[in-house]
Amino acid sequence: MALLQTQNLNKHFGGLHVTADVSFSLEPGRIHCLIGPNGAGKSTFFRLLLGEHQPSSGTILFDGQDITRLKPFQRINCGMSVKFQVPGIFGALSARQNLQIALQHRLGPGDAEEEVERLLSFLQLEDVADQQAGNLSHGLKQWLEIGMAISLKPKLLLLDEPTAGMSPEETFMTGEIVRQLNAEGMTVLAVEHDMAFVRQVADRVSVLHFGRIFAEGTIDEIVADERVAAIYLGQNHD
Ligand SMILES: Nc1ncnc2c1ncn2[C@@H]1O[C@H](COP(=O)(O)OP(=O)(O)OP(=O)(O)O)[C@@H](O)[C@H]1O
């Protein structure tokens, strides 16, 4: 059974049909990347999954449950978690304190301490653990964000352009973090422009174009698809 499934999902903004009859399926255990040219409707689709937009019609199923009308916090309680592009960390607190706050909801004090140290090490944040999060480099902030997003041990981690603004080395490290989380059992859905990252992590790729699923397959199938290449022509993505 799919972990996440949308059935004929539609979203209109006035006369704009931004999500067009999207029937999408995400198998548990996968790393699935969603790509598409600017304005293809990737962010809108994400926001529909999270409950930040209500669909005009269609259904969203998560872990066997119809979540179409659930509020964002209820979806998080069902086992979804998201890392947005815009940092949601507390800049005046240290990296360690940020993780402590995120983890205290799930774990008692002793266990939380242990998990904070494990996450700091996993995310290569040990050396900066006591620095103010607001002063960390862009890449380190993004990894701290991932740490906060996984603190609830979600079944599904949603990542919105996780490597935006990163160097190739940071992008690679982010890919390794995602692969490790997946190896531990987390299913991942990422909206991403960086094709090196997509190649590094994705089991499956869906291409959105004008709000529709335009193509779906492995990265090799997508890269070899001339119709996909054509919709990217003139756009500034590799
Ligand atoms: N709240 C809104 N009201 C009206 N139109 C919107 C709204 N949000 C998005 N749109 C329009 O919907 C279309 C798809 O936007 P969306 O941000 O989902 O695309 P995207 O694929 O995420 O683009 P990008 O890669 O540039 O982030 C665009 O034409 C956008 O202008």
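Analyst: The discussion below takes helix packing, then strand pairing, then the packing of helices on a sheet. Please note that this is a predicted model.

User: How is the packing of two helices described?

Analyst: Two packed helices are described by the angle between their axes and by the distance between those axes. In this model, helix α3 (residues 95-104) packs with helix α5 (residues 138-150) at an angle of about 20 degrees, and their axes are 8 Å apart. Angles under 35 degrees count as roughly parallel, and α3 and α5 are therefore roughly parallel to each other. Their crossing is right-handed.

User: Which residues of α3 and α5 meet?

Analyst: From α3, the residues are Ala 95, Asn 98, Leu 99 and Ala 102; they meet Leu 144, Gly 147 and Met 148 of α5. By class, this contact has five nonpolar residues, two polar residues and no charged residues.

User: Turning to strands, in which sense do β1 and β2 pair, parallel or antiparallel?

Analyst: Strand β1 (residues 4-13) and strand β2 (residues 16-26) pair in the antiparallel sense, over seven bridges. Phe 13 has Leu 16 in β2 as its bridge partner. The two strands β1 and β2 form a hairpin with two residues between them, and Gly 14 in the turn has a positive phi of about 55 degrees. With strand β4 (residues 57-62), β1 also pairs in the antiparallel sense, over five bridges; here Thr 6 stands opposite Ile 60 in β4.

User: What is the order of the strands in the open sheet of six strands?

Analyst: The order is β6-β7-β8-β3-β9-β10, and the pairing is mixed. The edge strands, β6 (80-83) and β10 (212-217), each pair on one side only. From one strand to the next, the twist averages 20 degrees. Val 82 stands opposite Leu 158 in β7.

User: Which strands of the sheet does helix α1 touch?

Analyst: Helix α1 (residues 42-50) packs on the sheet and touches β3 (31-35), β6, β7, β8 (187-191) and β9 (204-209). The direction of α1 makes about 150 degrees with that of β7.

Notes. Residues numbered from 1 in each chain as written. Predicted model: local features only at pLDDT ≥ 70, side-chain atom pairs only at ≥ 80, totals over all residues. Axes fitted to C-alpha atoms, helices over the stretch in contact; angles between N-to-C directions. Helix = DSSP H or I, 4+ residues; strand = E, 2+ residues; numbered from the N terminus. Parallel < 35°, antiparallel > 145°, perpendicular 65-115°, else oblique. Left-handed = near helix turned anticlockwise from the far one by under 90°. Contact = placed C-beta atoms within 7 Å. Nonpolar A, V, L, I, M, F, W, Y, C, P; charged D, E, K, R; others polar. Pairing = 2+ DSSP bridges.
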